[in-house]
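Colleague: I have a fold open and want to learn how to read it. Could you walk me through some features?

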Amino acid sequence: MFSLQGKTAVITGGGSGIGRAISRLFARQGATVHIVELNPDAAAQVVGEIEQEGGKAQVHQANVAEQQQVLHVFEQIGKLDILVNNAGIAHVGNVENTSEADFERVYSVNVKGAYNCLYAAVPHLKAQGGGTIVNLASIAAHVGITDRFAYSMSKGAIFAMTLSIARDYLGDKIRCNSISPARVHTPFVDGFIAKNYAGREEEIFDKLSKSQPIGRMGTPEEVANLALFLCSDEAGFITGCDYPVDGGFIKLNN
Ligand SMILES: NC(=O)c1ccc[n+]([C@@H]2O[C@H](COP(=O)([O-])OP(=O)(O)OC[C@H]3O[C@@H](n4cnc5c(N)ncnc54)[C@H](O)[C@@H]3O)[C@@H](O)[C@H]2O)c1
């Protein structure tokens, strides 16, 4: 079950955290993986890990926020069966302390970046006779999270784009779903704790762990397992859905 043998998968932000776990798992399941990354050194390291396990992977350096770069990369890749829109950045703040520059930065990577990859990938998926797309949303798309104004905006847009793509390409056999993790322990989390809570790292890590009713953060591998299922033929009846991977965050936090 869950074989991706013979499939080509494009994973954005595959050089770290959740994207790295998805890249490694998809390669292990037989896919040829193309990592689209801002940070080519991190991506090259993941490609090395995949090759060591006997898998196939390639690095493509690009900023997903730049449409010309994205179009060029997808032109180089050509045939494609799976797109995982995973690249994303964090931001902490409410509406009053979110500057226009911050808002635009989060928008350009998390929203426009996903749009650019959808724009580039869909014609290839159609030509291929179908395919699957998974977008990384967040619990912030579904519940109000303190001080995540711009980030929540961006993940709400991911959820809405997921529905739109799923509807528009039903006839082209393109399935599109999203995943909404709660806190997952990745460099993304360590980075924003260090940046926003310097000196209180341990206290905040513990607080963030306990905000999941299950009592801990998720692992990148737990998110990758769901991404694999959604991209596999076994999930052939599933489109236009969002799946929380959240340790009970959305439904059990009372
Ligand atoms: N970690 C969490 O708790 C969590 C929770 C919910 C949702 N998410 C979402 O999951 C996704 C992955 O998160 P993560 O924690 O693995 O992050 P991460 O920071 O560990 O990795 C993100 C990767 O994306 C790359 N990237 C960033 N901007 C890019 C750009 N403009 N173009 C190309 N690549 C770019 C980075 O270089 C990095 O390798 C994000 O969309 C994030 O919003 C994460």
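This is a predicted model: local features need pLDDT of at least 70, side-chain atom pairs count only at pLDDT 80 or more; totals for chains, interfaces and linings use all residues.

Colleague: Start with the helix. Which residues of H7 are buried?

Modeller: The general idea first. An α-helix has 3.6 residues a turn, so residues three or four places apart point the same way. Now the case here. H7 spans residues 201-210, and Ile-204, Leu-208 and Ser-209 are buried in it. They sit on the same side of H7, because they cover an arc of only 140° around the axis.

Colleague: What do the buried residues of H7 pack against?

Modeller: Helix H6, residues 187-196. The other side of H7 carries the exposed residues Glu-202, Lys-207 and Lys-210.

Colleague: Next, the domains. How is the chain divided?

Modeller: Domain 1 takes two segments, 8-182 and 220-246, while domain 2 is 185-217. Their C-alpha centres lie 23 Å apart.

Colleague: How many residues are in contact between domain 1 and domain 2?

Modeller: On the domain 1 side, 13; on the domain 2 side, 9. The area buried between them is about 810 Å², and carbon and sulfur atoms give 59% of that. The interface also has 1 salt bridge. On the domain 1 side, helices H1 (17-28) and H8 (220-231) each supply at least two of the residues that touch domain 2.

Colleague: Now salt bridges. How many does a search of the whole structure find?

Modeller: It finds 10. Then check where the partners lie in the chain. Lys-7 and Asp-233 have their closest N and O atoms 3.6 Å apart. This pair links distant parts of the chain, 226 residues apart: Lys-7 precedes strand E1, and Asp-233 is in the loop between H8 and strand E7.

Colleague: Are Lys-7 and Asp-233 buried or exposed?

Modeller: Lys-7 is partly exposed, at 21% relative accessible area. Asp-233 counts as exposed, at 58%.

Colleague: What do Glu-49 and Arg-20 form?

Modeller: A salt bridge, at 3.1 Å from N to O. Glu-49 is in helix H2 and Arg-20 in helix H1, so the pair ties together parts 29 residues apart in sequence. Glu-49 counts as buried at 18% relative accessibility. Glu-53 forms a salt bridge with Arg-24, also at 3.1 Å. Glu-53 lies in the loop between H2 and strand E3, and Arg-24 in H1. Glu-53 is partly exposed at 43%, whereas Arg-24 is buried at 19%. Shared partners join Arg-20, Arg-24, Arg-28, Glu-49 and Glu-53 into one salt-bridge network.

Key
Residues are numbered from 1 along each chain as its sequence is written. Side-chain values use heavy atoms; hydrogens and water are left out. Buried means under 20% relative accessible area, exposed over 50%, partly exposed in between (1.4 Å probe, protein chains only). Helices (H or I, at least four residues) and strands (E, at least two) are DSSP runs, numbered from the N terminus. The arc is that of the directions from the helix axis to the C-beta atoms. Contact means heavy atoms within 4.5 Å. Domain bounds come from an automatic or database domain assignment. Buried area is the accessible area (1.4 Å probe) that two parts lose on being put together, summed over both. A salt bridge is a side-chain nitrogen of Lys or Arg within 4 Å of a carboxyl oxygen of Asp or Glu.
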